[in-house]
Amino acid sequence: MRILAVSGSLRGGSYNTSLLRAALEAAPEGVELELWEGLAELPLFDEDLETEDLPESVRRLRADWATADAILFATPEYNGSVPAGLKNAVDWASRPRFEGVLRNKPVAVVGASTGQFGALWAQQDLKRILGIAGARVVGTEIPVSRAHERFDNEGRLLDGEVFEQLRLHLTTLASEAVAAPDRVAA
Ligand SMILES: Cc1cc2nc3c(=O)[nH]c(=O)nc-3n(C[C@H](O)[C@H](O)[C@H](O)COP(=O)(O)O)c2cc1C
């Protein structure tokens, strides 16, 4: 079982990327989590670019997301919602309409912010957006609030409760992917 881990933050010291690194360790047996990086290379979504000569970064996004059994997203919250780069990636992945790589894909969402609500609005919005794009959204949100207090200087998660929540989240996501795989096994 291969689950991709996609962080909505591009910054080097990102708490959301650190949260995904903690998820790598929290993954249950048989689940391999792999950090996916590629958001920054994507052009802004533009229907005029949807030709046979698709940008390489978009091809890579679609190939990588298509072959994953499931995807775990970690989103920061920017002005009460999902960062533009992450929304852009979902828009690219949602196309062609009704045939995009997110169609029927099991996905789950977590999020960290330095505020007191732990990117809850961004997570709710991301779940809604992913659902509209055709993904099978699994589980509830995991709002990691006051993120600057929950990681050490090396980005290691200090909160055992959040670690257990991540493990549970991944277990639920993996079960969903096993119960109803989105693609025919090769
Ligand atoms: C443009 C911008 C808007 C932000 N808006 C919010 C917000 O609406 N809610 C919130 O809790 N934090 C907000 N923050 C603070 C982020 O939670 C904080 O920068 C966090 O560390 C970003 O995630 P990252 O560490 O993964 O990059 C904002 C930060 C930026 C840069």
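A: A word on axes before the angles: they are lines fitted to C-alpha atoms, for helices over the stretch in contact, and the angles between N-to-C directions run from 0 to 180 degrees. Helices (H or I, at least four residues) and strands (E, at least two) are DSSP runs, numbered from the N terminus. You're looking at a predicted model, where local features need pLDDT of at least 70 and side-chain atom pairs count only at pLDDT 80 or more, while totals for chains, interfaces and linings use all residues. Residues are numbered from 1 along each chain as its sequence is written, and side-chain values use heavy atoms, with hydrogens and water left out.

Let's start with H3 (residues 84–93) and H4 (residues 120–132), whose axes sit 10 Å apart at an angle of about 15 degrees. That makes the two helices H3 and H4 roughly parallel, a label for angles under 35 degrees; over 145 is roughly antiparallel, 65 to 115 roughly perpendicular, and the rest oblique. Where do they touch? On the H3 side it's Leu 86, Lys 87 and Val 90, which meet Leu 126, Ile 129 and Leu 130 of H4; contact here means heavy atoms within 4.5 Å. By class, that's five nonpolar residues, one charged and no polar. For the classes, Ala, Val, Leu, Ile, Met, Phe, Trp, Tyr, Cys and Pro are nonpolar, Asp, Glu, Lys and Arg are charged, and the others, Gly among them, are polar.

H3 also packs against H2 (residues 56–67): their axes come within 10 Å and cross at roughly 75 degrees. H2 and H3 are therefore roughly perpendicular. Val 58, Leu 61, Arg 62 and Trp 65 of H2 make the contact with Ala 89, Trp 92 and Ala 93 of H3, a set of six nonpolar residues, one charged and no polar.

Follow the chain into the loop between H3 and strand S4 (106–112) and you'll find Pro 96, which is joined to Arg 95 by a cis peptide bond with omega of about -10 degrees.

The residues in contact include Leu 19 and Glu 25 of H1 and Phe 163 and Arg 167 of H5. Here the tally is eight nonpolar, two charged and no polar.

Lastly, the ligand. Of the 13 residues around it, Ser 9, Arg 11, Ser 14, Asn 16 and Gly 80 come nearest, where near means a heavy atom within 4 Å. A polar side-chain atom of Ser 14 lies 2.6 Å from a ligand oxygen atom, and a polar backbone atom of Gly 80 is 2.8 Å from an oxygen atom of the ligand.

How values were computed: A polar contact is a pair of N or O atoms within 3.5 Å; within protein, one must be able to donate a hydrogen and the other to accept it, and residues adjacent in sequence count only if both atoms are side-chain atoms.
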